[in-house]
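Good morning, and thank you for coming. Today I shall walk you through one structure, from the whole chain down to single residues. Please have the sequence and the model in view.

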Amino acid sequence: MNDPTSGFFRQLQERYQENPLVTLAVSAALVAFASTPIAFAILGRMDWFAPRRGRTSVKPTFLQIVTAMLLVMSIPAIFTAIVIKASYFDEDRYEFDPNRTWTVLSQGRGLADVQAADKAVAEEMKRLAEERKNILDGVKKLDESLLALRVAAVTAPQTIAPLKDVLERVGPLRKAVGIDAPQQLEDLKAPPAEISASLSQPVYVVANANVPPAAGVPTSPAAAAAPAGLTAAQRDAEIGTVPEPQKAIAGMLPLTDLPAGWTIGKLGDKHLETFNAENLFEKIDGRAESFIQYDVRGMAYTYFHPVGDDSNELQLYIFEMANDLKALGKYGSEKPEETKPVQVGTEGYSASGSLLFRTGKYYTQIVSTKDDPKFNEFALAIAKRVAAAQGAGSASEGTKEGGESMAGPDAIFAMLPQGQGKANPKYVAQDVFGYAFLSDVFMADYEAGGSTWQGFLRPYASPEEAKAMYDKYLETVKADGAEVKPETSKDCDAMVVSSNIGLVDVVFLKGNTLGGVNGATQAKPALEFAKAFATALPPKTPALPPMEKSAEGGHE
Amino acid sequence: MSEKLTAKQISNLQKFGGVNPADETFSRRDFAKRVGATGAVLTGAVATGVAITDPWGMQGVKPPPPVKLGNYSVRDELPASAPSVVVVHSNPESQPPSESGENQAQRMIEAALKAMGGIDKFIKRGDIVVVKPNVAFDKNPDLAATSQPDSVAAVVKMCLAAGAREVRVCDNPINNPESCFFKTKVGDAALRAGAKLILPQESYFEDLYIGGETITNTWRMFYKPFKDATKVIGVSPVKDHNLCKATVTMKNWYGLLGNPRNQFHQNIHGIITDFGLMMKPTLVIADGRKLLMRNGPTGGSLNDVKRGDTMVVGTDQVAVDSWCVSKLLEKQRHEIVYLDKSIAKGYGADWRPQWTNEITV
Amino acid sequence: MVQIRRAYEVLFLGLFLFFLLVTDLRYLKGWPVSIFLEATPLVAVSTALTTHTIYRNLWWGVFILGVTMMFGRVWCNWMCPFGILHHFFGYIGNRKNTKQLIEVNRYRWWYSIKYYILIAMLVMAGAWIIPTLIATPGEVVTAWNTDDGSVATRPVRALANGFAAAAERYKEGGSNLQIGLLDPIALTVRSMTTSVLPVAHVATESIYTEPREYWYAWVVGLIFAGFLVANWWIPRFFCRAVCPLGALLGLLSRFSLWRIDRDPVRCTDCDLCLKNCEGASDPHKDLRKSECFVCLNCIEDCPHDALTYRFLPRKASEITWPAVGRRQVLLAGIFGSLFFPMAKLSGGVKKNFSRYVIRPPGSVAEDEFLRRCIKCDQCIRVCPTNVLQPALFEAGVLGLWTPIMISKMGWCELNCTLCSQVCPTGAIREISIAEKLGTGPFESKGPIKTGTAFYNRGRCLPWSMDVDCVVCEEVCPTSPKAIFTRNIEITDRWGKTLHLKRPYIDPEKCIGCGICEHECPVKDDPAVYVTAIGETRDKSRSLLLSLVDDPAGSQDLVSIG
């Protein structure tokens, strides 16, 4: 019959079942609220509102009755308002739902208008982009550190299975952030025997690994079609775009007339890249600092791969250092213990498919992703061409600077005594033996009668300078608490034996040269060696190239 | 008065002359005045309430608007060929034996500025110059833990001679400020040279926005002297520091930090790098005539002090610090991490011979 | 009318007690439990003075101001629960004859003490004005120099902006809120919370799930009981002589348009109107407008109908302003302006702040906190674990009865922000659980930390007694846990090899909730304890540089979404 009424009652019933007390209270209040005017109307007629005031009875005015009525009605009204208010509240204050997700816009009431919301969204996008970059960098670093694990896996085959697992799991992560797997990692999916074979290859994470997969495919049809590198015109055009200081090294890159079956890789719309000391990190991020320490001036880069095989490649880096010495220093510092000497440039070696050599002030790396005869042969051919170009370059400069008294590093190396271990002479640019003042030292490892030591040599510009350095050495070792014993020898100006924590050093001064033995395990052979060494040295050794001084200063 | 009155009430009525004052109604004027007053006060209260309402309590946690330190560098006005670092060696033989330290400092700094284009390139007429010495400790200047008073005085005098309107010398030291300025003799030297000494007061500190590595947002800084300054010159000693290895010109700005600044030792290189972002000084002067070689930053023994006979003046504080740590303090350059960080972030360049002038006076 | 007033008294006292009982995790729901606190205009006025803002629902205070300016101090006898309680206590203590009743309800000169209390407290709240006025000229000059608007209004703008800048600068540290000590609602809520309800619980076991203890509750309870019992000798002693809210309303009722008016002709000077006069407002003579509670008893008691409640009666028949002496006002002002800096500079607030002052999560920085907290202890009432306690002098004399966490009593429940929901003044800013935990939109800000836990290794079982324990690690609620353990292998005193887990704190993760301290089996002086350092609300009390600040913190993120 009357639907709204029955609906109301049903609703009331539901509410009652939900919360009987509150429903009863509110209903009562509402009834009281509604009935107050009626009550006043009836009671007003019955003269109930004419209370006694003292001795007189006063009939209230109409206004007084209305006021009183409103005041009375306020009581249920306030009560109802509060009860109704109480049933609406923020659930969040009681519990926290861990499943809840948050949009940028749910960041609260601080967003006054659409502009503010838009700004908040933009900020959030920026933050996410930064996070993505961090993840990207993280994955790249992870790849780099995995390489060390790969090396370890050679000797511990049981790690290969879990390692494979790890790589599998990095896969989805890589996909999510859109980063290519480094190419050499795919070898790891192969059986253990092959892994160990591939592990002997040098491993470098491809520097531009963060390009999305589509862009990572290196060969375009045009490049593949070119039979053997670029034409001379193309080459000149490319070199023309190179900044002036790097033109010379860029010119050394063999871009034309490549051996059959090889083609040159494409770097964007170019085929070569050059860098100077400031932007070197763009290419070899992480290692750039080590080159800058040796005063790198510039670098030229290109890469080659067999026609039709994009997965393997040969990278060519030509570093120009400040001078021969720096090139030697950097070359020596990267040279591993076991190498295969290769006759190219001044000095060179190959290690697991890669070929590294130096000529004059140039240090060249040819890095191969594969160690097989075809690659080795090509690497050697490229190396010879580069070395030839470098030889010409440094020869012309050498005559310019050439002084009789100036010796190349090779001449100084030659002065180190022959002996076991001499095969591996080293040049150290700074912090030699942990002494801050000692720099530019030539040394080699020696061994005799179960004792090992390093023989070293450092020519200075003048005998005074050498003497000062000798005194400084004495002062330092004394300060360190070493036991110092002077030794006489007719073939040198001064000689001293110092021993500390069981290691013996012998240092002598002859003319402008500081030389001696460092870190010998036994005193006697070391002393004998040092005496012989001093005797064999000429009274005056040629000084180092002059520019070395200022160049060194630049980085101290 | 329709009802019957009692005798007392009748006598009351007669007292009022037959008119009951309570029966008077209010006049229109009275109504307007009284209701108007209530309305006005109420409206005022509501209006004030509306104006200052803060429904979510965010006013209490709202940070003050970020203030940034100005850029006091004049590098852009110098010719590109001007060196960013000038190293002045003093030849002890050619120095007049009776010459005062201040005179020597002035001679050396003047020579340096000449090599960079002259003092008028840096200090213009009417400039307000802040000279920030490092007086962190209340030690005798001969212990080389603080800036030398004579070099501060020399700088102040030069600025005034170049036409500066006002020169302020200020620092927020670790030890008691009065004591520091007094015992380092810097306060006295500055006052005698004509500078205004500003010791830190609570209200002189303000939140400055840095947005760097350690201070990602704002920090309370000794900002008052810099607020309306036009040039800033840092005058710092060259000394060893136990934690960050070296205190030269960049670490000098630590004296602007308000408390609790001791937290920054949790990332000392980070905060010094942030100074490179925060402060772009007109000039920095590293006074290497006395070097604190070890037991820094406090020193305390003459045995720790070495004579350096050098002053390094530069527009690039990173380069100046780099030169000083490797040439004067005999430290490994890469041991000073903040230098590498600052260079990587582009706050300055490493020291290079081509941008450096080495002169001897 | 008197019956209607009684109905209101019952309604409001009932509501107050009801809200007091439902201020509990189980019943709170959406009840506006703090509405009485929010409705006292004194809180609105004084927090507006100290913080220059009106927080959330303090608007109700302005509403009550409006009511007072229309009808007089109806608040005092119709709405104020403490007033109603006094009324009730006066009623049950009434054993006097009519003559005595008339005598105790006459006005006494010392009823004006409440105005001096109000003035001293408001001066403390507005003490920032002094340094502000000193700094204003300088700021005006700066504002003038930086202003480049229209020339005509430039002086006005410079003055306004200069004053605003100076006020903004000296707001912090320049004032303090003490009205809560005597504000009737704050006093009642505090007394009920810390002393009455725990006692009632002991008797009935119906209020809490476990008995509560409150630090020095007896002091609060004694003061409360003292004020109530005083009614037996001097009716409405508190309301007439002490209440600063009554004083404020008394000042404002000067504007009220309605008041009691005596018909001087009908009045036979029988003084019967004084018999039940609540406010001691002298209705038998010219009405003291500022003292009248509008209880309307006198109208009912007058045998000659000489008293009426009228709109705009004669000005001549009222005493508009309260009877206060100028010298006393000055004295009160001087006391306020001297006591505040003395109290503040007595230590315990800033430099030598106490490690025990661990404020509940969401609290604003200490200075701002003391400018907002009215010591109503509503947060203490709602806290489900009993960890919140009224401080004595831990936070300095200014922080008397403000909430601190004593972890031996309880712990800060991780997923609970009730104290911030009920705080009427924003001393504990309303936060959501997401903000407290530092999740969702607050991820970059990190969790709210109230302090940091430390180990006292000499008392810790695995550290010094070769006994396995690490209850602390087990109960640590954060994820990952702020307490972590290191396994060690040691030889015990008998030569046996023993494997132990020793606990450590990760200060970056620790939020200072104190559950480790509460659960530590070394009950009397726990081996792990929380101190206030490292709290996120105040930069100057941070511990780790890595947490000190975040650029996201500068965004105006609001907690509730």
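What percentage of the 556 residues of chain A count as buried? The figure is 40%. Please keep in mind that we are looking at a predicted model.

Let me begin with chain A as a whole. Its secondary structure consists of 17 helices and 17 strands. The accessible surface comes to about 29100 Å², and carbon and sulfur atoms account for 59% of that area. As for contacts in chain A with a separation of 6 or more, 61% are between residues 24 or more positions apart.

I turn now to one strand of this chain, β10(A), residues 362-368. How many of its seven residues are buried? The count is seven of seven. Both faces are covered: A:Y362, A:T364, A:I366 and A:S368 lie on one side, while A:Y363, A:Q365 and A:V367 lie on the other.

Which strands pair with it? One is β6(A), residues 314-321, which is antiparallel to β10(A) and joined to it by seven bridges. Within that pairing, A:L316 has A:I366 as its bridge partner. Another is β9(A), residues 354-359, also antiparallel, with five bridges to β10(A). Here A:F357 stands opposite A:T364. The strands β9(A) and β10(A) form a hairpin with two residues between them, and A:G360 takes a positive phi near 55° in this hairpin.

Next, the nonpolar cores. The largest has 148 residues, and those with the most contacts inside it are C:F19, C:F36, C:W75, C:F82 and C:F238. Helix α1 of chain C, residues 2-22, gives the most to this core, namely ten residues. Leaving aside residues up to four places away in sequence, C:W75 touches several others, including C:F36, C:I64, C:I185 and C:L249. Apart from this core lies another, of 53 residues, among them B:Y72, B:M221, B:V318 and C:L545.

Finally, consider helix α4(C), residues 59-71. Its 13 residues reach 19 Å from the first C-alpha to the last, close to the expected 18 Å. Among its buried residues are C:G61, C:I64, C:L65 and C:T68. What covers the buried residues of this helix? The cover includes α2 of chain B, residues 28-51, as well as elements of chain C such as α3 (41-51) and α14 (244-252). Just after the helix, C:G72 takes a positive phi of about 90°.

Thank you for your attention.

Terms used:
Residues are numbered from 1 along each chain as its sequence is written. Chains are lettered from A and ligands numbered from 1 in the order in which they are written. This is a predicted model: local features need pLDDT of at least 70, side-chain atom pairs count only at pLDDT 80 or more; totals for chains, interfaces and linings use all residues. Side-chain values use heavy atoms; hydrogens and water are left out. Helices (H or I, at least four residues) and strands (E, at least two) are DSSP runs, numbered from the N terminus. Buried means under 20% relative accessible area, exposed over 50%, partly exposed in between (1.4 Å probe, protein chains only). Contact means heavy atoms within 4.5 Å. Accessible areas come from the Shrake-Rupley method with a 1.4 Å probe; for residues, only the protein chains shown count as cover. A nonpolar core is a set of buried Ala, Val, Leu, Ile, Met, Phe, Trp, Tyr and Cys residues joined through side-chain atoms within 4.5 Å. The expected span of a helix is 1.5 Å times one less than its number of residues. Two strands pair if DSSP finds at least two bridges between them.
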